[in-house]
Every structure is written in structure tokens, then in C-alpha cells.
Amino acid sequence: MTGPAGDISPADSTSLAGKEGKEGKERKTNKADKTDRVGRVDSALAEPLLVVDGLDVTFTTGGAAVHAVRDVSFTLDAGRCLALVGESGSGKSVTARTLVGLTGENAVLGARRLRFAGEDLAAFTEARWRAVRGRRIGLVLQDALVSLDPLRTVGAEIAEALRTHRVVPRAEIDARVLKLLDDVGVPEPARRARQYPHQLSGGLRQRALIASAIAAGPALVLADEPTTALDVTVQAQVLDLLRQHKIDGAALLLISHDLAVVGGLADDIAVMYAGRIVEHGPAEQILGDPRHPYTRALLDAVPVTHTKGTRLAPAASRGPLPGPAGCPYADRCPRADDRCRERLPARAVPAGAHHRHDALCWHPFEALSVEGLAAEVPPARALSVEVPPFGAPSPGPATDATATVEAWANTSGTEGAAATSGTAGAAGVVPTAALGPAVASPRPAAPGDATGVGIPPRARVGAAATGEALLEVEGVSRRFRSPDGTWRDAVRDVSLRLHAGETLGVVGESGSGKTTVARIVLGQLEPDSGTVHFAGQPWSGLRERARRARRRRIQAIYQDPLGSFDPRYRVERIIGEAVAIGGVPRDADPAIGGVPTRDADPARASAPRGAARRARVVELLDQVGLPADVLRRRPLELSGGQRQRVAIARALAPGPDLIVCDEPVSALDVSIQAQILDLLAGLQHDLGVALLFISHDLGVIHHASDRIIVMKDGQVLETGDVATVFARPAHAYTRQLLAAVPRPVGGRAAPPGPADAGPTPGAAPAAGSLSVVS
């Protein structure tokens, strides 16, 4: 059972008895460490596997105290999954790190009870923690590049856990390493085991990290954003692996900002805000009928069909700040009153009442009946989901894809009404709703647009498409030499076109060639064959000196801004250098903001000094929604969302025509992701910049893109209008991608999916699908 910490009923104790790990009898060499060969804890315990009661964590830095976790309580049994969700800084990761003794030296811990397998974690010495970490409690962190040792091969990293905890005989370690890599979906495990972390893609690194964490078969797995860097197909494999680990008897504490992932795996969900659990209950109830206003705000930020062309994040509005004992969400909550700002309510659910829905709120939303839920909340918000099992057959050309992925058009409200009319296509009639509301809905309002009305994106793209393409990539290919001396095709005969003011989404699994295409477009790699033209002039095949004057017109936003910033620089210098490259002289008139001109000499670029450049930096910060007081901060002093905003400001500084966005929101929680997507859409509307948007998140791609290309093994398999490709995918691989997305099984929202089985064999592609490679 999972629920608020408290007494365990006799029924709960009975349900725990008799469970054993699949590897056999418990070891008897250490009575205090009752685990079997794969780290399973003796199930005949008088209390849940994990008990957290009243956990408080405070950090002291420079004399200031930060209360990161406040009175957090929950329990977790073997064979169950509890998900912690919430935005950055809510205390999720601190809670998880506390459970493996990695909170930090400057942390002050307090708890009424903190127990694992009957032992008091608060009493553990460092030597005891070393024996427990990996063997009995496994930890999967979000940033695999930082977590993996850059000086060791991936195989050596995984083998360390097997060797340290003596899980298998030494002679079997190599074979077990390859089996673990294969289990987490790493292709060519023998070759990948010999590679170093920097030689793997982000998705492959994350899979290797997961393999290392579960190598010793721990009884409790703490997974902190385990699928953040993974494409949907590999995500489904990893989720199935974690699910199987849970079925085998392990407990899983899952931290994720992907609510679809949470709904497909978690038994219970705890929503955290400002260090507190503000709502807790069964996953189906939390996602289908949330009570706390913050939980509803999280769900509303998820990119789903009816949000395309509209704002994801609510308009910024702050009320009076709460007092020290008040609700921390009160200044953002539309329901808050003076009582909310003065004190928190008592918990409505008594200790020991497992599986009860509890919201820490004076004004919770009332529990809704099915009819009430349909009337108050659009069904497209639901996130009660189900993930296809790893290895399940994907829908082929003649398979009814609706058996595996719900139709996007299957909604009510305006979309449901629109479904009564249709658009004739070569493969049949496509319901208007299946094409997405963005056909008629505006983009988010540009910054400063008081009307709140943007421009219809299709009209804008249509006008741009009639002119010359801003970017033309024709038949580019690129090969790389592998460590064993063989050659691998990273990109094969890729072609694409991008017009001014348009967003082209690029989607595909890890290793499909997405990032290689981005580097070729940026001029960081030269193609072995094919050409790239930018603004009507050759871009590939030139010496860097010939490209330098135009380079500022193509900028990039990366997945990990922290890795692309110099950690020694302050924000003013990080953005200021880009402003200088844009041609803003030190002695420009600050009254005009030092706006760069197209024919400015980039040779004048130097470190940011002078009032003009500072004024331009402040202007850019304001454009991306950051206050001027961040100028003196360094990257490590900013949150993830703030760092990504700085990255966007730096990309905008030279006045680009094209920005390459390589997974710009994949590492962000859902609320910050919504803000960044709104920001990019508003800036594009205001500035007319084109975006090449790379993402593994199909919901994000659908929301942000006008057209998409689907890549696999270095090739473009399908390209076309985003609404048509999602509603009627023509290629079998596109249908497989959509089928792997967590899908609804009822409730409040629908992730992306095809509207029907797609074209029958021999039928022409659906209307709007520009190209399909068989």
C-alpha cells in the first residue's frame, strides 16, 4: 500500500507477507540486511518497505537558510510505484537524494520517522550507506553525462555495481553487462559497452545510466526523470522495464515532469509545491479529478490537441505574498483569500488512510461526477494513460491504429462539433477536428499584445511558403568512423526546406540523425555530399571566413544550457558577447537600445562593455521575461527555466533569421516547459524568426510546429503538415512512434495519435503529406 505515513492496519501487514524475490531464498549472512541474491528485501515486514514521516530538509548557504522540504510524509510498499510531480524547486529531487544519503553536507535533516526495510535511515553511517546504495536502493539521475564517469567505458560503469556488490561471479559479469544494455534498449550492446559516455547520444547515455542503477536488482529504485532524454519508442521500453521491475517486487519512487509517463506507471501520485505535498492520492483520481488548483495548473500546461495555437501557461498574475505559515501557492492561486495567506489547513486524510485522495487546500475543487467532470473540464485535459508493453507489435499499414492509440479527434467541445464536417483526402475523409484546432486558432499573443490575439499560423506559413525558402537542405549525407574502424551513416540523403517565420519540427528516436542534421545546418559539420543554402546563398562547402559575416543570422538553443555556458561568466557577459557579435558598438546610443544592423561588422565583437550593450542585454532579458537583477548571476545560480530563458536571449541577441532548437524543453518540468513554448511562439510572432525545432516529445512537436519531418536511421521517412501527419500518418514507422506515446484510457486528456488506421495498402498519401519514403 502507498499513502500518508501512519499506522499499518492488520490487512496491510497481511498483504505484505509471503512475497519473495524471484531469485530465491533470503540471504542469512547478515540479519540486518535481509536481502536475496538480487537485493530484494524480506517481504515479511511489519511495516511498509519505505516510511517517510514529517521529513524536513533545510540548506544553509552563506548564512541564509533555504527550507527545501517541509513536513513531507508518505509510505511505499514493495511492488508499488509512487510518483512525485511538481515544478523545479518543489523539493522532489531533494526528497529522493535524502533517501540515499546524498542530501549534502550543508543540509539539516529532520523527520519523525525515516525507515527503509525496518531500518532507521537517519542512523546510517557513510559506510552503511555505501553498502546500501546500488544493492538495496538504486538511483537514476536525470543528467547522464554528469552521472557517468567520462574516463570509463559504459561497460565498465555498469560492471562496477555487479563487481562491488558481488551480484554474479566474475566470469559472468561481461555477459550480464550486455544483457542489461539489451534490456534497456541499447542497440549493438557489445559495441556500445566499449564506448565512452561522450560517444553516445543523450538517449543512449540515459539508458546506460538506468542499466547501471538496476544492475544489482535493488529493492527500491529512485528514478529522477528517468525518461527525460528518451524518444517515445525507447521511453516505452524503459517504462516497461521499470514496470517489470515493479512486478518482480521492487518499489519505485518516480520523479517526472511528464504526466503521461506518471499516469502510465504510478499507482499513487504526490504533487509537490514549494517543498510541501499539496495533493496526494491514487493516480487515476489525481489525473482525472484533481482537487488542488496547482495540480490543475500542471495538467493545463501539458501540450494536447486543443491547446495548439493557444497559450499553455496562464497569464502571469501575482497576488499578495503569503505569510510564513500560509499556503505557498496563495500568490499564484485564483481561489486564494486572506485565510489561505495566513495559515494552511489541517490534513483532511487521517494517518493510515491509504489510497485516500487528499488536497492541502482551503478551497479544493469538489469531487466531480462523470457528468460534472465533462461539463467543467474539456476531456482533452485527461492524463489517465496506458503505455504499450515493450515488444508489442506496432500497427502496420493494414492495422487499425485506433486499437493502440486513441484518435486526437475523439474529443468534445469545439473539436467534437467540428468533427461533424470533414475534409476530403486521397485516403478518405479526414474530420476537421483531426486536423487540429490550430487550423483556425491563433498563436499566443506576442509580448505586449494587449488583445491576446495572435495571427493564424497557417495563414502566416502559407504566405511565407509562396516566397523563396530561407533554408534549403538538398540530399545531404554524413558518415562517421566507429571506434572499431568501421563507417556508420549518420545522415543519408536528407532534404528539407524552411521558410521565414515557419517552424519545422524534426522528430525521431535517438541516433536517427536529428542532431547531425542540426549541426550541418549550423555549419558545425560539413556534409560528405549534398548542399545547404541559406537565404538564397551557398552555406555548405565554404571556408569559415566566407560564412562568418552571415553566421550571426543562424543561432542555436540547446537542451542543456548549463553545458553551453561558461560557468565563470555572469549573465551580462554571456548575453553581451552575443550582442557584440550582432554589431552593437560600445558607444551606440543606448536610447535606441543598440539594435544590430544587418551589415554590421562582426569583427568589432568583444567583451560586453558600455552602456549601449548593457541596455541591449537588459532589453533582451525583458523580452524573455527575466528581471534585470539576473545580470550579475552566474549560470549555477539560476533555475533550469531561467537558464533556458538566458539561452533564448543569447540566441536572439545577434538578430537571427533562423534558430535551431535542439531539445530546448526536454529537461524542463511541465509548467516551465509551457512558459518556454509560449515564449518561443510569441517571439516568433513578434520577430518573424524561423525555427528548426528538434524534439522527441510528440506532444511538444505537435503544439509548436507547422510542418514536421520524421527521421529514422539517418533518413527522412515522412514529411508534411503537422496536423495531417499526426491525424493520418502514412509511414509505418510514424504510426509506430505515435503508438508508443502514452495513450488515454479515459479521464481528462488525450496525447497525440492518429485518427484512424492510416492509408490502406496501395492508397495515396493523405492530404497534406508531402513525402513518404517506403
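Me: What makes a stretch of this chain a helix or a strand, and how many are there?
Reply: Helices (H or I, at least four residues) and strands (E, at least two) are DSSP runs, numbered from the N terminus. By that rule the chain has 26 helices and 27 strands. The model is predicted: local features need pLDDT of at least 70, side-chain atom pairs count only at pLDDT 80 or more, and totals for chains, interfaces and linings use all residues. Residues are numbered from 1 along each chain as its sequence is written, and side-chain values use heavy atoms, leaving out hydrogens and water.

Me: Why is T734 called buried?
Reply: Buried means under 20% relative accessible area, exposed over 50%, partly exposed in between (1.4 Å probe, protein chains only). T734 has 4% relative accessibility and therefore counts as buried. T734 is found in helix α26 (residues 732-740).

Me: What makes the T734 and E718 side chains a polar contact?
Reply: A polar contact is a pair of N or O atoms within 3.5 Å; within protein, one must be able to donate a hydrogen and the other to accept it, and residues adjacent in sequence count only if both atoms are side-chain atoms. The T734 and E718 side chains make such a contact at 2.7 Å.

Me: Which residues does T734 touch, leaving out those up to four places away in sequence?
Reply: Contact means heavy atoms within 4.5 Å. On that basis T734 touches V710, E718, V725 and P729.
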